[in-house]
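Work through the exercises below with the model open. Try each task before reading its solution.

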Amino acid sequence: AGVFTHDPGFTSTSSCESTITFIDGEKGQLLHRGYPIDQLAAKSHYLEVCYLLLYGELPTAAQMEDFEYRVTHHSMLHDQMQYFFRGFRRDAHPMAIIVGVMGAMSAFYHDSTDITDPWQREVASIRMIAKMPTIVAWAFKYSMGMPFIYPRNDLDYAGNFLRMCFAVPAEEYEVDPILARAMDRIFTLHADHEQNASTSTVRLASSSGANPFACIAAGAACLWGPAHGGANEACLMMLREIGTVDRIPEFIARAKDKDDPFRLMGFGHRVYKNVDPRAKVLKASADEVLDLMGIHNNPTLQVAKELEKQALEDPYFAEKKLFPNVDFYSGIILEAMGFPTSMFTPIFALSRTVGWISQWKEQLSDPEHKIGRPRQLYTGAPYRDYVEVEERG
Ligand code: CMC
């Protein structure tokens, strides 16, 4: 502390102490409150992981029931919120709508601005986790030109989200439990990832004491970029562009060429220098979901698997320790479920909301937290006197 270091991209700067998530990048290990992500993905479910992230321990059955009740009974959006959706161009990217609507929630829940009140913090947390599926599903419906579907409290979190995305008014919609399970697993795998760019953005925004809904909107804006949450969309576009396995060597050569800005999307990670444990779970899940949907010999999945194999055998990727990350297989699963690519990052944002909120709560409960204010190395012009316009050359 107090020593000035220049660290662009914060590659070696710790910004906070945290007890939420631990990553061992060399081992490829991800722990939430100590529990490994593969066990949580296999045995737990998203809302239980939300509870764990928010409160630090796995819930008892009674605590879980109470938490689920609170989340499912806050899922409705105020009717006026529809005007925000309808104000967007009809071809707006769902992420643009989500960033806008989440930010606008700060006007609806101005009470939450009192972040010194633990009760307000608690209510704001539940509201965001509860309302995010409705916001994301409505952004999707709006971008498709379809009517909004209201949340149903009797369905589980993932099932309710799928219904709000795919049901059509006046028609029956049965939630497929296997699809709901796969959706829930995607939510679980994306729930938190310690101080990534979007979470750090939330913490920085909140360090000034800003309204939590505005802070989460800032996090969602950061997530949108292709180097972060936008990578799943970019990855599927890339796999489609490659198209057939015979074209893979050409794209691997481009990724290695320093004069070509092309990168293998869904490959590489700032922290993991081994396979991202979330990618392992998703690879297995991709086979399962495609089988369920009756999709066999899917060309995109074939290209993905062969691309992964060839890249892992290539010395360039081995030397730089570039392995598939969470975004490599998630897009294939989401596409098989019927989501367009523009919905991939919104689903990531939905899942990550709990991580952002848990980190926000942790920061506020730290008595030593202060406003985030990085320093800089100034490389501009030295002192000079103002020049009148007629004297400028
Ligand atoms: N394809 C080809 N080369 C790569 C790739 C890639 N995907 N990723 C990194 N490299 C090279 C890079 O050119 C650099 O080479 P050199 O040292 O010769 O200049 C070296 O590996 C280190 O890369 P870096 O950009 O300095 O590393 P970083 O930690 O700043 O970047 C990253 C991490 C995730 C932004 C980067 O690996 C990347 O752009 N990957 C593709 C996008 C992607 O999949 N993002 C999702 C990240 S995981 C989920 C999430 O955060 O949302």
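**Exercise 1: helix 5 and helix 10**

Helix 5 and helix 10 cross in a left-handed sense (the near helix is turned anticlockwise from the far one by less than a right angle; clockwise would be right-handed). The model is predicted: local features need pLDDT of at least 70, side-chain atom pairs count only at pLDDT 80 or more, and totals for chains, interfaces and linings use all residues. Residues are numbered from 1 along each chain as its sequence is written.

Task: classify the packing of helix 5 against helix 10.

Step 1. Helix 5 spans residues 94–108, and its axis lies 7 Å from that of helix 10. The angle is about 165 degrees (axes are lines fitted to C-alpha atoms over the stretch in contact; angles run from 0 to 180 degrees between N-to-C directions).

Step 2. Helix 5 is therefore roughly antiparallel to helix 10 (under 35 degrees counts as roughly parallel, over 145 as roughly antiparallel, 65 to 115 as roughly perpendicular, the rest as oblique).

**Exercise 2: helix 10 and helix 17**

Task: classify how helix 10 packs against helix 17.

Step 1. Take helix 10 (residues 212–223) and helix 17 (residues 344–365). Their axes come within 10 Å and cross at roughly 135 degrees.

Step 2. Helix 10 is therefore oblique to helix 17.

Step 3. The crossing of helix 10 and helix 17 is right-handed.

**Exercise 3: confidence**

Task: what are the ipTM and pTM of the model?

Step 1. Read the scores: ipTM is 0.95 and pTM is 0.92.

Definitions and conventions
Helices (H or I, at least four residues) and strands (E, at least two) are DSSP runs, numbered from the N terminus.
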